[in-house]
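Have the sequence and the model open side by side as you read.

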Amino acid sequence: MRRRTLALAALAAFIGCGGDAPAGPPPGAVRITVTWPGASPEAVERELLTPLEDATAGLPGVARVDGRAVESVAVIELAARSPAAVERLAAAARDAITAA
């Protein structure tokens, strides 16, 4: 059940979070942001960041995965091998997160 909650939270964060969202990812990248209010950076890394990195690192078209965990937030950026592949990478990331 916890994995399903994680997947749904990540998917919701991935799809969009409203008008006060931070600047988008750099060109040629997909950014995934997941929040866990009140969680320590260590818990965020262990329970959110690492599973999401594992789920997305092997996706076709991923050149690099950069992740960071801070209090209450995990952020992962997936750099695409080519700018033209970003949409395919975003769709693959959505599928991988949903299946996690």
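Searching the whole structure, which is a predicted model, turns up three salt bridges. Start with the one between the side chains of Arg 31 and Glu 77, where N and O lie 2.6 Å apart. This pair ties together distant parts of the chain, since Arg 31 belongs to strand 1 and Glu 77 to strand 3, with 46 residues separating them. Are its two partners buried or exposed? Arg 31 has a relative accessible area of 22% and is partly exposed, whereas Glu 77, at 14%, counts as buried. The cut-off for buried is under 20% relative accessible area, so Glu 77 falls within the buried class.

A second salt bridge joins Asp 66 and Arg 64, whose side chains meet at 2.7 Å, N to O. Both residues are partly exposed: Asp 66 has a relative accessible area of 32%, and Arg 64 has one of 46%. The remaining bridge links Arg 46 with Glu 47, and here the closest N and O atoms are 3.4 Å apart. Arg 46 is exposed, with a relative accessible area of 52%, while Glu 47 is partly exposed at 27%.

Now step back to the overall layout. The chain contains three helices and three strands, and from the N terminus on the elements follow the order α-β-α-β-β-α. How do the strands come together? Strand 1 and strand 3 pair in the antiparallel sense, with seven bridges between them. In this pairing, Val 30 stands opposite Leu 78 in strand 3. Strand 2, made of residues 62-70, also runs antiparallel to strand 3, and eight bridges join the two. Look for Val 70, which stands opposite Val 73 in strand 3. Strand 2 and strand 3 form a hairpin with two residues between the strands, and in that hairpin Ser 72 takes a positive phi near 75°.

Seven of its eight residues are buried, so strand 3 is largely enclosed by the rest of the structure. As background for reading any such strand, side chains in a regular strand alternate between the two faces of the sheet.

The largest nonpolar core has 21 residues, and Ile 32, Leu 59, Ile 76, Leu 78 and Leu 89 are the ones that touch the most other members. At least two core residues come from each of strand 1 (29-35), helix 2 (41-56), strand 3 (73-80) and helix 3 (86-99). Which element gives the largest share of this core? Helix 3 does, with six residues.

Apart from its neighbours within four places in sequence, Leu 78 is in contact with Gly 28, Ala 29, Val 30, Ile 32, Thr 56, Arg 64, Val 65, Leu 89 and Ala 93. Two of these, Ile 32 and Leu 89, are also among the core residues that touch the most other members.

Finally, consider the chain as a whole. Of its 100 residues, 36% are buried. Among contacts between residues at least 6 apart in sequence, 61% join residues at least 24 apart. The accessible surface comes to about 5,800 Å², and carbon and sulfur atoms account for 56% of it.

Notes:
Residues are numbered from 1 along each chain as its sequence is written. This is a predicted model: local features need pLDDT of at least 70, side-chain atom pairs count only at pLDDT 80 or more; totals for chains, interfaces and linings use all residues. Side-chain values use heavy atoms; hydrogens and water are left out. A nonpolar core is a set of buried Ala, Val, Leu, Ile, Met, Phe, Trp, Tyr and Cys residues joined through side-chain atoms within 4.5 Å. Buried means under 20% relative accessible area, exposed over 50%, partly exposed in between (1.4 Å probe, protein chains only). Helices (H or I, at least four residues) and strands (E, at least two) are DSSP runs, numbered from the N terminus. Contact means heavy atoms within 4.5 Å. Two strands pair if DSSP finds at least two bridges between them. Accessible areas come from the Shrake-Rupley method with a 1.4 Å probe; for residues, only the protein chains shown count as cover. A salt bridge is a side-chain nitrogen of Lys or Arg within 4 Å of a carboxyl oxygen of Asp or Glu.
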